[in-house]
Each structure stands twice: as C-alpha cells, then as structure tokens.
Amino acid sequence: MTSTQTLTIAVAGLGQRISTVTRHLVAAAPHVRVAGYCDPAPVGLRALEKRGIETGAAHESVAAMLAAVKPDLLMVGSPNHLHLDHIKSGLEAGVRVFSEKPVVRSEDETWELARLLRAHGEASVIVGLVLRSSPLVAAVRKRLAHQSFGRLVSFEGNEHLHPEHGAFLMRDWRRHAAHAGSFLLDKCCHDFDLYRLFAGALPARVASFGGRTIFTPENAGLAERRHKDGAQAYSVWRAGWNGGNEVFASDADVADNQVALVEYENGVRLAFHANTHAGLMQRRWYFAGTGGAMEADLVTNRLTFRDALGLDAPQTKDMELGPEAHYGSDPAMGRDLAAHLLEGAPFPVQVQDAMIAGLTVMAVDRAMREGTVVDCGALWERLEREMGWAVDSSTG
C-alpha cells in the first residue's frame with residue numbers, strides 16, 4: 001500500500017525509536033510530511049536526514065510546536081515519564097496522538113489517561129505495540145485458532161538480552177524507574193499485550209520474583225573482558241539522554257532479571273522469564289494445547305507445530321525474516337499505520353490494549369516488590385469506571 005494522501009506530523013521526543021517508526025511510516029506513505037519536532041537533543045534526527053526525510057523546524061516546547069505546525073498527528077517518542085504530558089498537550093490542541101510504548105508509567109497515570117480518553121474518545125490515541133504487526137504473531141494466532149491445536153492450556157514466554165543490551169539499560173535513562181517505569185514495563189509490555197491476546201482473557205492473578213543481581217559491584221570483574229575486535233565489554237552500546245558511565249556500579253533502581261506467573265480468567269496459565277545477560281539471545285513462546293504443541297521463535301522467525309501424540313512429523317513455517325527491525329514488525333507497523341491514518345483501515349492495537357498490558361506489568365512488579373500474589377480484578381474494574389466503557393477481555 002502506497003498512499004498519495006498528505007498527512008502532517010509533529011514529533012515530541014525525536015529519539016532513535018520514533019525516528020525508526022517515522023521512516024517506516026514515510027516508506028509506506030511518502031506523502032507523510034514531518035513539519036516540526038521538539039527535542040533538546042534529537043538523537044534520531046540524523047537517521048531521518050540520512051534518508052532524505054525533512055523534519056521541519058525545531059521548537060522549544062510541545063505546546064509551541066503544536067500551535068505553529070497544527071499537525072494532523074503528534075508522534076510521542078519522548079522518555080516515558082513525559083508521555084502523559086505530551087499526550088495531554090496533543091489532545092488539548094485537538095490533535096490525534098501516536099505514542100510509543102509504554103503509553104504511561106504507573107497506575108495513577110493510567111487512570112488520568114483513561115479520563116482523557118473519556119473526554120476525547122478512545123480513537124484519539126494510538127500506541128506503538130510493534131509486535132502486534134509481526135508476521136509471526138499472525139501465524140501464531142492462526143494456529144491457535146485451528147482445530148488441530150485444540151484448547152490452549154498453558155504457555156511460556158521469554159526475552160533474553162545480549163549482555164551489551166543489558167549494560168546499555170544500566171547506563172541509559174531507562175535505568176531509573178522515575179523516567180522509564182520498571183525494566184519489565186519498558187522492555188516487555190508489548191510481550192504481555194500479546195500474552196493476553198494469545199490467552200484470550202484478562203489476567204486474573206499474578207506472581208513474580210526478580211531484582212538486580214547481574215549488574216552489581218560483585219560482578220565488576222566481568223567488565224575486564226573484551227570482544228574479538230578489542231572493544232571493551234559492556235560499553236559497545238552508547239547511552240542516550242541522561243546517560244551514565246557505570247555498568248556494575250550503576251545508580252540504576254530497576255531489575256536486570258525477573259520471572260513471572262500469570263493465571264488468566266479463563267484458566268490459561270503463563271510462565272515468563274527475562275534476563276539481561278544472556279549468551280544465547282532468545283525471544284520465544286511455547287504453547288501447549290489439548291491437540292498439539294507449538295513453538296514460536298522470534299529470533300529465527302520460525303513457527304513449529306506438532307500434534308500432541310507426535311504421530312506426524314513437526315510442521316515448520318519460516319517467516320523468511322531475521323531478528324532485525326523487531327523481527328520484521330517495524331516495516332509492517334509502518335504499513336499498518338499508513339493504512340489506518342490515510343485509508344481508515346483498522347489498526348492492530350487499541351489504546352486500551354496498551355493500558356491493560358501496562359497494568360498487567362505493574363501488577364507483576366507489585367507482586368515482585370511485595371512478595372505476594374496480586375489479584376488483578378480491581379484493576380479492570382477501575383479501568384472501566386475511569387474510561388466509561390467495558391474493558392475487552394481478550395483482543396481489544
């Protein structure tokens with residue numbers, strides 16, 4: 001799909017992530033025009049300029065930019081603690097908003113966003129839960145719905161990051177919960193969005209254990225290692241805004257490894273494992289159903305299914321995409337965004353999906369902090385009260 005309709009956008013927080021989203025949107029709809037941006041240190045600017053994408057003038061504040069540019073869409077790519085204020089600025093200016101995930105950081109911010117949506121309408125905000133556009137996710141959903149799989153009983157998910165990625169998180173602004181929310185919220189909220197999609201129900205209760213036990217002074221000796229090209233370990237990824245230099249003596253207050261258990265309202269159960277120091281990088285889902293089992297590996301972009309008794313050989317489907325660009329999801333989301341904004345096609349995710357995913361992770365983090373099993377029912381009841389409409393129990 002290549003649209004010829006013109007759409008004007010303004011950007012609040014021109015970081016690397018929102019520049020990636022923007023360039024894929026422009027690739028799908030070349031008549032999208034970036035008319036201005038607000039960011040005191042726009043690290044994503046060069047990536048757009050290298051591709052010949054004009055960005056308009058820089059502005060001192062989001063409010064001033066909105067008044068000057070009068071865009072069709074405000075794209076929010078600022079650090080997470082600024083999302084709510086920037087979303088609010090856009091809505092109060094009568095502008096539709098696209099926000100990167102996580103849409104907000106806390107329960108209180110979620111309720112405030114819900115009240116904004118009640119006033120401006122749910123369609124006023126869309127969220128970049130990029131994995132919703134993944135070709136592999138579409139294949140997983142198709143197999144889960146097939147009679148050969150039967151009924152989903154339980155499943156597991158993980159995300160294991162390369163140590164350089166973990167070291168980046170310990171130096172970047174994401175190391176502080178005040179800026180990012182938790183590690184799990186910033187890094188894995190779109191995973192938990194998909195888990196609800198796969199389970200077909202809202203989370204009923206959650207438990208979790210985790211903490212920072214990798215990037216600590218006790219393990220500082222690991223930093224003496226070097227890569228084969230001589231580069232010092234744990235320093236390859238450059239930290240962004242508010243970055244620090246320390247890795248093993250970081251002032252971070254977020255976890256670097258965490259496990260979680262989720263039981264959904266329909267009885268389906270999930271086990272999740274995240275680690276930021278993994279020699280074997282993995283983002284993988286394993287589903288056990290009454291008719292068969294399925295493994296979806298995002299790193300290899302491969303889906304494998306076998307009947308429960310193993311009577312037939314495993315069926316394998318390759319997406320023919322590598323791990324780059326969120327496993328092919330980035331260009332797919334660019335096309336989805338263009339089709340939605342310019343042609344009126346449905347977008348794969350609604351803002352309430354992002355809010356439910358965020359609240360789920362917040363409940364998981366509360367369970368970790370308090371050492372308790374957290375009942376999620378009160379969260380969904382309050383979300384309905386604040387928004388003024390029913391929460392979709394499964395797909396959003």
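A pocket is an open set of grid points, on a 1 Å grid over the protein atoms alone, with protein on both sides within 12 Å along at least five of seven lines. The model examined here is predicted.

Q: What is the volume of the second largest pocket?
A: Rolling a probe the size of a water molecule over the atoms shows where empty space is left. For the second largest pocket, the computed volume is about 300 Å³.

Q: Which helix supplies the largest share of the lining of the second largest pocket?
A: The pocket is lined by 20 residues, with Gly-181, Ser-182, Asp-365, Arg-366 and Arg-369 nearest its centre. By class, this lining comprises 8 nonpolar, 5 polar and 7 charged residues. At least two lining residues come from each of α5 (107-120), α9 (183-199) and α12 (351-370). The largest share, 5 residues, is supplied by α12.

Q: How are α5 and α12 oriented to each other, roughly parallel or roughly antiparallel?
A: Two packed helices are described by the angle between their axes and the distance between the axes. The axes of α5 and α12 lie 10 Å apart, and the helices pack at an angle of about 165 degrees. Angles over 145 degrees count as roughly antiparallel. The two helices, α5 and α12, are therefore roughly antiparallel.

Q: Which residues of α12 meet α5?
A: On the α5 side, the contact involves Glu-107, Thr-110, Trp-111, Leu-113, Ala-114 and Leu-117. The residues of the contact between the two helices divide into 8 nonpolar, 1 polar and 2 charged. Those contributed by α12 are Val-351, Met-355, Leu-359, Met-362 and Arg-366.

How values were computed
Residues numbered from 1 in each chain as written. Predicted model: local features only at pLDDT ≥ 70, side-chain atom pairs only at ≥ 80, totals over all residues. Heavy atoms only, no water. 1 Å grid on protein atoms, 1.4 Å probe; cavity = no way out; pocket = protein on both sides within 12 Å on 5 of 7 lines; lining within 4 Å. Points joined across faces, edges and corners; volume = space filled by probe spheres on them. Helix = DSSP H or I, 4+ residues; strand = E, 2+ residues; numbered from the N terminus. Nonpolar A, V, L, I, M, F, W, Y, C, P; charged D, E, K, R; others polar. Axes fitted to C-alpha atoms, helices over the stretch in contact; angles between N-to-C directions. Parallel < 35°, antiparallel > 145°, perpendicular 65-115°, else oblique. Contact = heavy atoms within 4.5 Å.
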